Amino acid sequence: MSCSGTALMSRIVLVAACALVDADGRILLAQRPEGKSMAGLWEFPGGKIEAGERPEETLIRELDEELGLSVNEACLAPLTFASHAYEDFHLLMPLFICRRWEGTPVGREGQALKWVRPVRLRDYPMPAADEPLIPFLLDLVPA
């Protein structure tokens, strides 16, 4: 079996995402609002990593801006990552898990939010890059 292949170079987009897990073992999903690419799909909160920013800093900033949550960097644990080729860019996305934060999540950018049991994550349509992350969450968060 050969692992060689030909891939066209495309721009790499770096995004950090977070699986927020509440005390009941549910994971927070955010629905991409109208007007954004992939609108209507459900995803793990996070956002693009800005120049000079570490993924943890991105999540602290994005979780505050998007959800009104205050997260301590020590509460962010790297879990896995996604590497996915979309038609016009390649996404590289580390996924962190967080079980402690201050505040109650509110969709500050008009996005719907939903707390979901890990076994129900596949019931929510997600961007292609997010779907392979589900088995890692199923292994980590008890049903």
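The structure holds zero disulfides, a disulfide being counted when two cysteine sulfur atoms lie within 2.5 Å. In general, such a link is a covalent bond between the sulfur atoms of two cysteines. For Cys-75, the nearest cysteine sulfur belongs to Cys-98, 5.7 Å away. For Cys-98, in turn, the nearest is that of Cys-18, at 4.9 Å. Cys-75 is partly exposed, with a relative accessibility of 26%, while Cys-98 is buried at 0%. Here buried means under 20% relative accessible area, exposed means over 50%, and partly exposed lies in between, with a 1.4 Å probe and protein chains only.

A word on the model itself: it is predicted, so local features need pLDDT of at least 70 and side-chain atom pairs count only at pLDDT 80 or more, whereas totals for chains, interfaces and linings use all residues. Residues are numbered from 1 along each chain as its sequence is written, and side-chain values use heavy atoms, with hydrogens and water left out.

Strands are DSSP runs of type E with at least two residues, numbered from the N terminus, and two of them pair if DSSP finds at least two bridges between them.

| Strands | Sense | Bridges |
|---|---|---|
| S1 (residues 12–20) and S4 | antiparallel | three |
| S1 and S6 (residues 90–98) | parallel | seven |
| S5 and S6 | antiparallel | nine |

Val-15 stands opposite Lys-48 in S4, and Ala-17 has Leu-95 in S6 as its bridge partner. His-84 faces Leu-91 in S6, and a hairpin of four residues joins S5 to S6.

Phe-81 lies in strand S5 and is exposed, with a relative accessible area of 54%. Together with Ile-12, Leu-14 and Leu-92, Phe-81 makes a nonpolar surface patch of about 380 Å². Patch residues have over 30% relative accessible area and no salt bridge; nonpolar side chains are joined within 5 Å and like charges within 9 Å. The areas come from the Shrake-Rupley method with a 1.4 Å probe.

Strand S2 (residues 27–31) pairs with S7 over four bridges, and Ala-30 has Leu-113 in S7 as its bridge partner.

**Salt bridges**

There are 12 salt bridges in the structure, each a side-chain nitrogen of Lys or Arg within 4 Å of a carboxyl oxygen of Asp or Glu. Arg-26 meets Asp-22 at 2.7 Å, N to O, and also forms a salt bridge with Asp-24 at 3.9 Å. Asp-22 is buried at 12%, whereas Arg-26 is partly exposed at 26%.

Glu-43 and Arg-32 meet at 3.2 Å, N to O. This pair links distant parts of the chain, 11 residues apart, with Glu-43 in strand S3 and Arg-32 in the loop between S2 and S3. Both Glu-43 and Arg-32 are buried. Elsewhere, a network of salt bridges links Glu-50, Glu-53, Arg-61, Glu-62 and Glu-65.
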